[in-house]
Amino acid sequence: MTRELSPVETAKAAAGRRSVDFIEDGMRVGLGTGSTAAFMVRALGERVRKEGLNITGVPTSSQTAELARQEGIRVVALDEAKWLDLTIDGADEFDGDLNLIKGGGGALLQEKIVATASDRMIVIADLAKEVACLGAFPLPIEVVPFGWKTTKLLVEEALDPLDVLGREVTLRMSGDRAFITDNGNHILDLHLGRIADARQLGHMLNQIPGVVENGLFIDICDMVVIGHGDGRVEVRDYSTGDVEKGRIDFPEPDNIFTDIGG
Ligand code: 5RP
């Protein structure tokens, strides 16, 4: 079924589509998770089919693995690829230093492992994800199920002296059960409002037994592709300082971006 994309979907689709221009033949590519990353995977699938692009994809979640296979992208585990040329992924927030909050989709652990194992990371996002200070989006942390309530208490205690606006910590739910990640863990969402020192918070959270990883991506990302609701895209390359503006023209009807679950 084909339908019109909303402005937010258009922004995500534009960012996803522009980002695959940075993928070259023979690359090993980390494939992110979420609705923006899904547009990227579909656009990459189109390049694989039309251009015969020979790439190897390493998905960051079971959901992305399934979509990539459907799109005809060769998929391997990170242990097989070992190191990647590039990872492209979405974000829940990004700031002026290109530090990110990720994990809204619950895939932050594999996303961080894959992005860290890549020469470059490109984040793809709609304009609304850009913030002056990280923290309005609740910060996800992945915790092991064993003793998670104690881990939650330790997290709350650790937040006490920090410069944040809020300190509520909630267990992510899926219906009436705790959400389970692809790694069999739970997610705690930290409602902080504003994070004055994201680097310090990231280090501190990872010291707590039971915390597997946090959703702060500090100094991992090199480039952002920002999509707008009218199809405009802006590419900011932080390694060179270059900024490029353009527009994505979507064919009518847009067969790539059908079946987006809406
Ligand atoms: C999943 C993520 C996503 O990249 C993030 O939640 C953004 O999702 P979307 O593109 O659907 O807005 O970190 O764990």
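Student: How far is an oxygen atom of the ligand from a polar backbone atom of Gly105?

Tutor: The separation between the polar backbone atom of Gly105 and the ligand oxygen is 3.2 Å, which falls under the heading of a polar contact, meaning a pair of N or O atoms within 3.5 Å, where within protein one must be able to donate a hydrogen and the other to accept it, and residues adjacent in sequence count only if both atoms are side-chain atoms. This is a predicted model, in which local features need pLDDT of at least 70 and side-chain atom pairs count only at pLDDT 80 or more, while totals for chains, interfaces and linings use all residues. Residues are numbered from 1 along each chain as its sequence is written, and side-chain values use heavy atoms, with hydrogens and water left out.

Student: And what about Gly103 and Gly104, how far are their backbone N or O atoms from a ligand oxygen?

Tutor: For Gly103 the distance from a backbone N or O atom to an oxygen atom of the ligand is 2.8 Å, and for Gly104 the corresponding value is 3.4 Å. The protein buries 92% of the 380 Å² that the ligand exposes when taken alone, with areas from the Shrake-Rupley method and a 1.4 Å probe; for residues, only the protein chains shown count as cover.

Student: How many residues surround the ligand?

Tutor: There are 17 of them, with Ser35, Thr36, Asp92, Gly103 and Lys129 the closest, where a residue is near if one of its heavy atoms lies within 4 Å. This shell is made up of two nonpolar, nine polar and six charged residues, where Ala, Val, Leu, Ile, Met, Phe, Trp, Tyr, Cys and Pro count as nonpolar, Asp, Glu, Lys and Arg as charged, and the others, Gly among them, as polar.

Student: Switching to H1, how many of its residues are buried?

Tutor: Eleven of the 13 residues of H1 are buried, that is, under 20% relative accessible area, with exposed being over 50% and partly exposed in between (1.4 Å probe, protein chains only). Helices (H or I, at least four residues) and strands (E, at least two) are DSSP runs, numbered from the N terminus.

Student: What do those buried residues pack against?

Tutor: The partners of the buried H1 residues are helix H2 (35–51) and the strands E4 (84–89), E7 (118–126), E15 (223–227), E16 (232–237) and E17 (243–247), with contact meaning heavy atoms within 4.5 Å.

Student: Which residue caps the N-terminal end of H7?

Tutor: The cap is Asp197, which has a side-chain oxygen 3.4 Å from the backbone nitrogen of Arg199. Within H7 (residues 198–206), the buried residues are Ala198, Leu201, Gly202, Met204 and Leu205.

Student: Okay, Glu71: buried or exposed?

Tutor: Glu71 is buried, its relative accessible area being 14%, and its side chain makes a polar contact of 2.8 Å with that of Arg49. The residue sits in the loop between helix H3 (62–70) and strand E3 (74–75).

Student: Last one, where does Asp222 lie?

Tutor: Asp222 is in the loop between E14 and E15 and is partly exposed, at 23% relative accessible area. A polar atom of the Asp222 side chain lies 2.7 Å from the backbone nitrogen of Met121.
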